[in-house]
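Take a look at the structure below.

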Amino acid sequence: MGEFWPVRDVLTYLTGNWRVERTVRDLASDAEGRFTGTTVFGPLEDAGLLHHESGTFVWQGVPRPAERTLRFLPGPRPGTALVRFSDGRPFHDLDLTSGRHLADHPCSADLYRGEFTVRDEHHWRSVWRVRGPAKDLVLTTGYARVG
């Protein structure tokens, strides 16, 4: 099977509850933060999944509650998804049929480049490299299925 675990249908794969651990490294200052929490992928009314993440983000020793919501909609090809921000703006596409996917998201003057990899039916990961005039970050997130 190689180092990646192919996913036939990304929306079916993601459905459910996941434990989340994320590190955020600022390469310019060498500062590092950590998010721990959960992500729930539940059904949307029409089609797709509502992604709700909540937990605690610790930056420079200060813990803060953190959350975000995304929408994962059926993609243009079977088994793929279009990821949108909670307000409907496009974020990126997602195709895990090979077990690995690369995506770009331009945000103002910054570029977010994401790599998504699936290890097995219960573990996947994303790594976002953010570069721009004001940002030089690496965000690494591990997901482990709960239950």
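## A residue and its contacts

His92 touches Leu82, Val83, Ala103, Asp104, Phe116 and Trp128, leaving aside residues up to four places away in sequence. Contact here means heavy atoms within 4.5 Å. His92 sits in strand 6, which covers residues 90-94. Strands are DSSP runs of E with at least two residues, numbered from the N terminus. His92 is buried, at 10% relative accessible area. Buried means under 20%, exposed over 50%, and partly exposed in between (1.4 Å probe, protein chains only).

## About the model

This is a predicted model: local features need pLDDT of at least 70, side-chain atom pairs count only at pLDDT 80 or more, and totals for chains, interfaces and linings use all residues. Residues are numbered from 1 along each chain as its sequence is written, and side-chain values use heavy atoms, with hydrogens and water left out.

## Salt bridges

A salt bridge is a side-chain nitrogen of Lys or Arg within 4 Å of a carboxyl oxygen of Asp or Glu. By this rule there are eleven salt bridges.

One of them pairs Arg89 with Asp87, the closest N and O atoms being 2.8 Å apart. Arg89 is partly exposed at 45%, whereas Asp87 is exposed at 51%. Another joins Arg129 to Asp136, at 2.6 Å from N to O. Arg129 is partly exposed at 21%. Asp136 is partly exposed too, at 27%. Shared partners also link Arg22, Glu53 and Arg68 into one salt-bridge network.

Terms used:
Helix = DSSP H or I, 4+ residues; strand = E, 2+ residues; numbered from the N terminus.
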